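Here's a quick walk through one protein model. Have the viewer open and follow along.

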Amino acid sequence: MRSTFHGLETAKRSLFTQQAALNTTGHNIANANTVGYSRQVVNMVASRPIEAYGIQRTVTPGQLGTGVEFSSITRIRESFLDAQFRNENKSLGNWTIRSDTLEKLETILNEPSETGLRTVLDNFWNAWSDLSKDPQSITGRKIVVESAIALTDAFNHLSSQLDDLTADLTEDINIKLADVNSKLATIADLNVQIRRIEGLGDNANDLRDQRDLLVDEISRVISIRVVETESGYNIYMGNTALLENGALQTLDAAQVEAARTTGDLDGGEVLGLLVSRDDYVANYRTMLNTLVDSIVNGEITVTIPAGSVLPEGTELNGIIYTGANRVLTSDLTVTVKGLNGLHKLGYAFNDAGFAPGIDLFTTADGSTTGITAGNIKVNAAIVADPSLIATSMRTTGNPEEVVKGNNDLALLISKMRDAKFTFTSPNSPIQTGTLNDYYRSITGQLGVQAQEANRQVTNLSSVVAQIDSRRQSVSGVSLDEEMANMIKFQHAYNAAARIMTTMDEVLDRIINGMGVVGR
């Protein structure tokens, strides 16, 4: 004998299951634009059938179906695509930061332009060239001094901008690590919540989505590897455990610097920041300092014309010139130490009579050693008295006086524009060339590096977008699909409700309409 209320129970199960499907569809639609959300599905199964009731085994063929029920609500997610996305995302984060830093360096150097360092350097040489045409001109000397000040100010400003960029990069590293630490702590908390919920037999779909989104965000900042265990996600940076079995490792700048050295940190924005600060900015600062040192103290070969009178005690090519030997009877080719060394071979236009040249460039405290782009200054004595600019290399009379109209030294200095220097810095893009050649090689190298970084960003952006598109095709919410599902589940619900109504009418007939004959 079959159960009188079996049909009602079957209809009830169908109503509950279709209602759950409708609710899940509504949840999907509501989160269609939620970042990191994975669409969810109700897994329906036929409920366990029963055999028709009887004292012994019934002779009724087959088993009696009991309707439908849902075994679980699960999210659609493919871990392989997640791993691919995170692996490419770390490279994109790395090269995005590099590209941004190189773009800032291009802005700092501002070449080619009419306001960049090369223009200032050209103006400096032009000022010396103009002074050589009229070495007694006070105006010409003042222009040389102002051009020299403009040159040192340009170097100081470039160095200051590089210092500011270094400080910004360091601050960005600390900010991003603080963000990573915060997200790791949140993931650790989500691990606990997910384990507690799923321990009761449910699927913590939304919490898992939140956790995966945090992992995606971290993967752009540092390179990570995710291992799922019974206790939740264990997260590693190379061989360094950041989150393992609930134990959390807080990251700081020293740790990521060490991780870069060991290879544990091989991608992410933090690596890009470290490369930008310790390689790009540091190298360009070194090259800028090399340029300054070459101008001030770099070895250069010059030919001093015959008739020149060297200052007493001058040492050139290992020979000390004193007394009558100071007067050159023929052209002398020697190696001098940059503009400072060359300037000290001449004599200033000084009303006091005899005034050998002094250092043209010093540091802020007057030192001539350790001069960099950040501390180079025009000698304070020359700034205060432009007549100390040396242009002549000849003296006459006894007591000795400067031949004020001589322009030999001014010509030699103006020709340094085309002189060949040797650049000893290991980071130098060229080893030998003019100062302009060296500076052009710096800007050229920067342009090539920026172009390569932009190419990498473009390629990696396409790869990441493609992988994310594939993830969305699997996990993303399609409104068209959800609307079709909604109609399908709605009709199923209505049909189940109709069955419920029909069974109610049947039972009403059985209960109230049967067995009343003869009353």
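Where does Asn 245 lie? Asn 245 sits in the loop between strand S5 (240-244) and strand S6 (247-248). Helices (H or I, at least four residues) and strands (E, at least two) here are DSSP runs, numbered from the N terminus.

## Ground rules

This is a predicted model, in which local features need pLDDT of at least 70 and side-chain atom pairs count only at pLDDT 80 or more, while totals for chains, interfaces and linings use all residues. Residues are numbered from 1 along each chain as its sequence is written, and side-chain values use heavy atoms, with hydrogens and water left out.

## Overall build

The protein has 12 helices and 18 strands. Its radius of gyration is 41 Å, well over the 24 Å that the globule rule gives for 519 residues, so the protein is more spread out than a compact globule. (That radius is taken over C-alpha atoms, and the globule rule is 2.2 Å times the number of residues to the power 0.38.) Along the principal axes, the C-alpha atoms fill a box of roughly 160 × 40 × 30 Å.

Buried residues make up 44% of the 519 residues; buried means under 20% relative accessible area, exposed over 50%, and partly exposed in between (1.4 Å probe, protein chains only). Looking at contacts (heavy atoms within 4.5 Å) with a separation of 6 or more, 68% come from residues 24 or more positions apart.

## One cavity

Rolling a probe the size of a water molecule over the atoms shows where empty space is left. On a 1 Å grid over the protein atoms alone, a cavity is a set of points where a 1.4 Å probe fits but cannot get out, a pocket is an open set with protein on both sides within 12 Å along at least five of seven lines, and lining residues have an atom within 4 Å of a point. Grid points are joined across faces, edges and corners, and a volume is the space filled by probe spheres set on the points.

By this rule there is one cavity of 30 Å³ or more, and the largest cavity holds about 90 Å³ of space. Its lining is made of Leu 105, Ile 108, Leu 109, Leu 158, Leu 162, Tyr 284, Met 287, Leu 288, Tyr 439, Ile 442 and Leu 446. Helix H2 (79-109), helix H4 (138-198), helix H7 (269-297) and helix H11 (435-475) each give two or more residues to that lining.

## The largest pocket

The largest pocket has about 460 Å³ of space. Of its 21 lining residues, Ser 79, Asp 82, Ala 83, Arg 86 and Val 226 lie nearest the centre. H2, helix H5 (205-221) and strand S3 (225-229) each give two or more residues, with the largest share, six residues, coming from H2.

Most residues other than glycine have a negative phi, and most peptide bonds are trans. The loop between H2 and helix H3 (117-133) is where to find Pro 112, joined to Glu 111 by a cis peptide bond with omega about -5°. Asn 110 lies in that loop between H2 and H3 too, and its phi is positive, near 55°. Asn 110 counts as partly exposed at 32% relative accessibility.

Back to Asn 245: its phi is also positive, near 50°. Asn 245 is exposed, with a relative accessible area of 56%.

Leu 409 is in helix H10 (residues 408-414) and counts as buried at 0% relative accessibility. Leaving aside neighbours within four places in sequence, Leu 409 is in contact with Leu 342, His 343, Gly 346, Ala 390, Thr 391, Ser 392 and Met 393.

Ser 387 is in the loop between helix H9 (380-384) and strand S14 (390-392). Ser 387 counts as buried at 14% relative accessibility.
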